[in-house]
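Good morning, colleagues. I would like to take you through a few features of one model, beginning with a pair of helices.

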Amino acid sequence: MSLSCVSSTPLLTVQNLVKYFPVRRRGIFFYKEIGQIKAVDGVHLTIRKGETFGLVGESGCGKTTTARVILGLIPPTAGEEWFEGKPVFSLLQTAHKSEILALRRKMQLVFQDPYLSLNPRLTVAATLTEAFKIHRHLPESEWNDRVYALLEMVGLERAHARRYPHEFSGGQRQRIGIARALAVEPDFLVCDEPVSSLDVSVRAQILNLLAELQERLQLTYLYISHDLSSVRYISDRVGVMYLGKLVEVAPVHELFTHPLHPYTQALLSSIPIPNPRLSQQRTLLRGEVPSPINPPAGCRFHPRCPVAEAICKREIPPLLAVAEEHQVACHLVHDSSSTQLREQP
Ligand code: SF4
C-alpha cells in the first residue's frame, strides 16, 4: 500500500482504552464475581485518514476486543475515543439516537466469517437494503440503483442481487459482506480477519479489492489479523499486541525489517521463507501465553522473554518512541536507545 494518500490528520484516536470482562461463579443464591479477564489494558492508538493500520498478535491478545470497543459494540471499562474530533464513548451514552446512528454509519465492520455473517434467508438485495432501512440515508426510489452500484463496486453482477448466500463461493460471500459494510457510505472500516477463512487462492483477490476500494472511496482501515503476510501486504503502519497491551507500533517496512521488541522478533521469525536453500533462524518462545485473568507483574511478556532482566519483573515498560514513528514497550530497547542518544555528539 502506498503512503502517498495517507493524511497526517488523525481520523480516530484512542487513549488508555481498558476492557475487563467479569468472571463469575455461581454461589448459593447469586453469581459472585471472582475475577476479571483483562482483555485490553491501557491501549493508546491513533489511526490517520486514508491509512491502513494493521493490528497483529496471537489469538486472545485483545485485537478483536479492541476493535469491538472502538466500534461501540461493547462499552469500555475505561478510556476515551475520538472520531473526527468527537468523543465517541461520551456520545454513545448521552447523544440523541439520530446522532448515534450518524456516528455508527461512519464506522462499519467486515466480519471474519462470510458464512456465518450473512442471513441465509435473505437475498443479497434484501441484505443490502436492510442497512438502508436502518439508517434511512437514501430515498427508497434509489435503493435498487445503489444495490447494483455496490455489487459492481465489489466485483459482482446485477443478477447476483436475487440470489441467496448459499449460492455463492466463500470469496463471493466475503464480497457481499464488504458491500454490506459499504452500503451506508462509511469512512472507517474495521476488517477483522477478513481473509482468514478463505482459500489461499482467493485471499489475494479480496486484499486487492480492499486496496482498490480504499483508493476509490478514500477509506481508512483497521486491519486485524494473525496472518503476518496479509498484514505486511495491506498495511501502512502496524501495531503488535500482547496480552491486552500494544508492545510495538511502526510503519510496516520498518516493523518487518527492524523489529525491536523481543515478542515482535519472535512473531516475525515464525514466517516461513519460501526458499529451501535459505536457512531460517527461529526464536522459539518458552511456555504458553499467561492467563489474562492474572497477567504477570511488570512486563507481561517477561515469563517468555529470552532476554528478560530483573527490572522486567517489577516495572511495566511504557510504549515510548525510539525513532520517528516507531514506538516500543521494552526496558532494554529504551535503555539502549537512550544510551545511543547520549553517545551522539
Ligand atoms: Fe523482554 Fe524485559 Fe523487554 Fe519485556 S521489557 S520484552 S521482558 S526485555
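This is a predicted model: local features need pLDDT of at least 70, side-chain atom pairs count only at pLDDT 80 or more; totals for chains, interfaces and linings use all residues.

Helices α6 and α7 cross with a right-handed sense, meaning that the near helix is turned clockwise from the far one by less than a right angle. Their axes, for residues 170-182 and 200-217, come within 10 Å and cross at roughly 20°, so α6 is roughly parallel to α7, a label for angles under 35 degrees. The axes are lines fitted to C-alpha atoms over the stretch in contact, with angles from 0 to 180 degrees between N-to-C directions. Helices (H or I, at least four residues) and strands (E, at least two) are DSSP runs.

Residues are numbered from 1 along each chain as its sequence is written, and side-chain values use heavy atoms, without hydrogens and water.

Turning to charged pairs, the structure holds 8 salt bridges, each a side-chain nitrogen of Lys or Arg within 4 Å of a carboxyl oxygen of Asp or Glu. One of them joins R216 to E152, with the closest N and O atoms 3.5 Å apart. This pair connects helix α7 with helix α5 across 64 residues.

Which salt bridge involves E51? Its side chain meets that of R237 at 2.7 Å, N to O. E51 lies in the loop between β2 and β3, whereas R237 is in strand β9, 186 residues apart. Both E51 and R237 are buried (under 20% relative accessible area; exposed is over 50%, partly exposed in between, with a 1.4 Å probe and protein chains only).

Definitions and conventions
Angles under 35 degrees count as roughly parallel, over 145 as roughly antiparallel, 65 to 115 as roughly perpendicular and the rest as oblique.
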